[in-house]
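Reader: I would like a close look at one part of this model. Please keep the answer connected.

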Amino acid sequence: MNKTSDNNLMVQVRDGNVEKLAVLFERYHVMLYNFFLRLTGNRGISEDLVQDVFVRVLKYRASYQGQDKFTIWLYRIARNAHIDFLRKRKDEVSLGEQWDEAHSLESSPPEKVEQAQEIARLNLALAKLPLKKREVIILSRFQNLKYKEIAELKGCHIGTVKALIHRSIKDLGKAYFELSGGMAS
Amino acid sequence: MKCKQIKEKFADYLIGEIDEVTQKEIQEHVTACSSCREELESLSAIWIKLGVLPEEQPSDNVRARFYATLEEYKQNMQEEKEKPRLGTLMDGWFERWIPRRPAFQFSLALILVVVGLTAGYFLHAGVQGGGEIAQLRQEVRQIRQITAVSLLRQESLREQLRNVGLSSQVELPDEETLADFLRRVDSDITTDSRLAALDALFPQSPAIRRQLSLSLSEQTSPLVEIALAFSQHVAKF
């Protein structure tokens, strides 16, 4: 399915055929879940946020403009849902408690343990970044958004996004290096 | 390109949003520049490492909650559609009462106009004949007379001038007021006050006209004399 059909589906939802939202849910709920999971590091919270996003889509369906790219509109809602969640929680959720899973794999084969530790280290390194930098890496590396789309989503210039991504990757590398005990792998 | 310009393109290089020419320039530069090469290798290493992070699946709970919400939303929409609106109810009510044939519609309109006019006539008559209204009017008339007389007795010229307007509103003055006005025309010390009293006495009865004609000989002010003569002249018509 191409992106145009996403827009067409959302236009139908906007115009009252809300059943079509089920198709969009099936297409995007996993993607949204992983977006939130990498932002918050908490599975339960991420599931709640996915639910919140689709409730908001129904609530604000009338505001959807047919010419907007659906995924950008959806990410805009997702970002707002996350910001509201943080405001309610007052402070950012600690990602460490969720990602510290490597310890439960002690009886597993060594290569699996090593892989799990690598994943945990990367997640912790991501968690050490400020939200702004973490978000831009998630959007470009995992959600595959282009510079232009990230700039549109954040309401800033493409040059600003490029510079921010560069700095964020650099900081992520430093954080990962520190977590690895100063041993570059 | 210099190192600074090359480094600015590193993010583009990693993400892949870069044209072939620039990509080649970067590769040539890092081959020759060890500092830039180290930085690019470091950035590439962490960027590639991120690829090991797996995509996770949410629990079935997410799907169940979404479909429950959607079902509830659809039901609410349906209920909203079925809820009778005030406008629709009013339309139905009027439809039942308004005849379909134009001739009957015209007759109904005519009857309503006649009923409206009749009701208006009787209501108006009721107001006219109301005892309370008549009593109030009488009281207002008396208040105007008292005010006009008291203002004519004022010493200040400003107050006397004010009575010109008020005295002209006095309707059917009683005998005491008439006597007071006639005395004012004859003997008040100011011309303005005499003129105001004369104004209040206009239009006069034949008896007052006679009194005023006698008053003409008492006047010293040409203005009052002219006004008296004019009032006598006008009254004849």
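Leaving aside its neighbours within four places in sequence, which residues is F36(A) in contact with?

Author: F36(A) is in contact with S46(A), L49(A), V50(A) and H82(A), once its neighbours within four places in sequence are left aside. Two residues are in contact if their C-beta atoms, placed from the backbone, lie within 7 Å.

A word on the ground rules. This is a predicted model, in which local features need pLDDT of at least 70 and side-chain atom pairs count only at pLDDT 80 or more, while totals for chains, interfaces and linings use all residues. Residues are numbered from 1 along each chain as its sequence is written, and chains are lettered from A and ligands numbered from 1 in the order in which they are written.

Now widen the view from F36(A). The largest nonpolar core has 52 residues. Such a core is a set of buried Ala, Val, Leu, Ile, Met, Phe, Trp, Tyr and Cys residues joined through C-beta atoms within 7 Å. Buried means 20 or more other C-beta atoms within 10 Å of the residue's own; exposed means 12 or fewer; partly exposed lies in between, with C-beta atoms placed from the backbone. L32(A), F36(A), V50(A), V53(A), I169(A) and L172(A) touch the most other members. α2(A) gives this core its largest share, 10 residues. Another core, of 14 residues, lies apart from it and includes L195(B) and L198(B).

Next comes helix α3 of chain A, residues 43-59. Helices here are DSSP runs (H or I, at least four residues), as are strands (E, at least two), numbered from the N terminus. α3(A) has 17 residues and reaches 24 Å from first C-alpha to last, close to the 24 Å expected. The expected span is 1.5 Å times one less than the number of residues. Its buried residues are S46(A), L49(A), V50(A), Q51(A), V53(A), F54(A) and V57(A). They pack against α2 (21-40) and α4 (70-89) of chain A, together with α5 (60-82) of chain B.

That partner from chain B deserves a look. α5(B) has 23 residues and reaches 34 Å, close to the 33 Å expected. The number of its residues that are buried is 2, so α5(B) lies largely in the open.

The interface goes further. In total, 31 residues of chain A are in contact with 28 residues of chain B. On the chain A side, α2, α3, α6 (110-128), α7 (131-142) and α9 (158-179) each give two or more residues. That side has 18 nonpolar, 7 polar and 6 charged residues. Ala, Val, Leu, Ile, Met, Phe, Trp, Tyr, Cys and Pro count as nonpolar, Asp, Glu, Lys and Arg as charged, and the others, Gly among them, as polar.

K133(A) sits in helix α7 of chain A. It is buried, with 20 other C-beta atoms within 10 Å. Beyond four places in sequence, K133(A) is in contact with L164(A), R167(A), S168(A) and D171(A). The core member I169(A) is 36 residues away from K133(A) in sequence and 8.4 Å away in space, C-alpha to C-alpha.

Chain A has 9 helices and 0 strands. Of its 185 residues, 32% count as buried. Chain B has 13 helices and 0 strands. Buried residues make up 17% of its 237. For the complex, the predictor gives an ipTM of 0.85 and a pTM of 0.60.
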